[in-house]
Amino acid sequence: MPLPEIPELEGPAPWPLLCLDFTWSAHHSIIIDNVSDFTHAHLHRRYRPFSDAKLTRLEASDARVSLSYDTHVGGGRITGLFVDRTAVDTSAIDLCYDYPYQWSNTGGAIKHLLSVLPVDERTTRAFFLFYFRSFKVPFAPITIPRRLAEPLLRAAGRLHIRPLLSQDGRACSAEQEGYERHSDAPLVELNPAVDAFQRLTIRKWEEYLRGAGARGSRRGAGPVAPPRLPVVEGDAEPAAGGT
């Protein structure tokens, strides 16, 4: 599958970019669920990347799940000062599980792309790209030059974004452990988007198995048996400001 095109990072004036990667003890489907499910604002109450999220749109097809939330984006006490809210609508966010990638778009000015690399059934490497059209000087309507924006973004990555995402990593690990302890328990999920993410992941896995089985049959081997796919519903933290 080809890598997605990101025109904002090309050309003579690419957007400031931050790259972060993690290795988390969770199945990749759990990570996709977590990053796209905005009912877990309580988990990030210290950093407040979003709040009061309400699901307003959900569309699913054979290869993607698109959704939107009405939510207040970037409400942190420090990072929120660098967003020009007169030029960027931070009252809503669009997200998409564009298999196998996940991305978001806030007001056409704050975006991210997530790609996941499964290591095994309970370990995943997660690669995040965050890119921003611009930053402003706090308390002033002045745009920060690009040569200063990228060092500022790297500092924000160390002090704010990486610690914030590490909270997601711990939550995903807890979900993985919970699934393994209670895999036979009934699943409960309040956000219908999560069910759509899981259906897409399972459908793509089944498509792969059918293709692998056909290739194995042509070589004289039997069909490939599906491994157990740990698809987990629900967050490790209580929902806050959810749908």
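Two strands count as paired here if DSSP finds at least two bridges between them. Keep that in mind as you look around this predicted model.

**Stop one: the sheet.** Select the strands and you'll see seven of them in an open, antiparallel sheet, running in the order β1-β7-β6-β5-β4-β3-β2.

**Stop two: a pair of strands.** Now pick residues 101–106 (β5) and 110–120 (β6); this antiparallel pair is joined over five bridges. Highlight Thr-106 and then Ile-110, its bridge partner in β6.

**Stop three: the helices.** Show residues 28–36, which are helix α1: this helix lies across β1, β3, β4, β5, β6 and β7, and runs at about 160° to β6. Helix α2 packs on the sheet too, touching β1 and β7, with its direction at about 25° to that of β1. Select 146–181 to see α2 whole: 36 residues, reaching 49 Å from first C-alpha to last. Then centre the view on Gly-157, where α2 has a kink of about 50°.

**Last stop: Thr-124.** Find this residue in strand β7. Is Thr-124 buried or exposed? Thr-124 counts as buried, because its relative accessibility is 0% and the cut-off for buried is under 20%. Show its side chain: a polar atom there lies 2.6 Å from the backbone oxygen of Ala-26. Beyond its close neighbours in sequence, Thr-124 is also in contact with residues including Phe-22, Trp-24, His-28, Ile-31 and Val-116.

Note on methods
Residues numbered from 1 in each chain as written. Predicted model: local features only at pLDDT ≥ 70, side-chain atom pairs only at ≥ 80, totals over all residues. Heavy atoms only, no water. Helix = DSSP H or I, 4+ residues; strand = E, 2+ residues; numbered from the N terminus. Expected span 1.5 Å × (residues − 1). Bend = angle between axes of the 7 residues up to and from the residue. Contact = heavy atoms within 4.5 Å. Axes fitted to C-alpha atoms, helices over the stretch in contact; angles between N-to-C directions. Buried < 20%, exposed > 50% of the residue type's maximum accessible area, 1.4 Å probe, protein only. Polar contact = N/O pair within 3.5 Å; in protein donor to acceptor, adjacent residues only side chain to side chain. Lists of a residue's contacts leave out its neighbours within four places in sequence.
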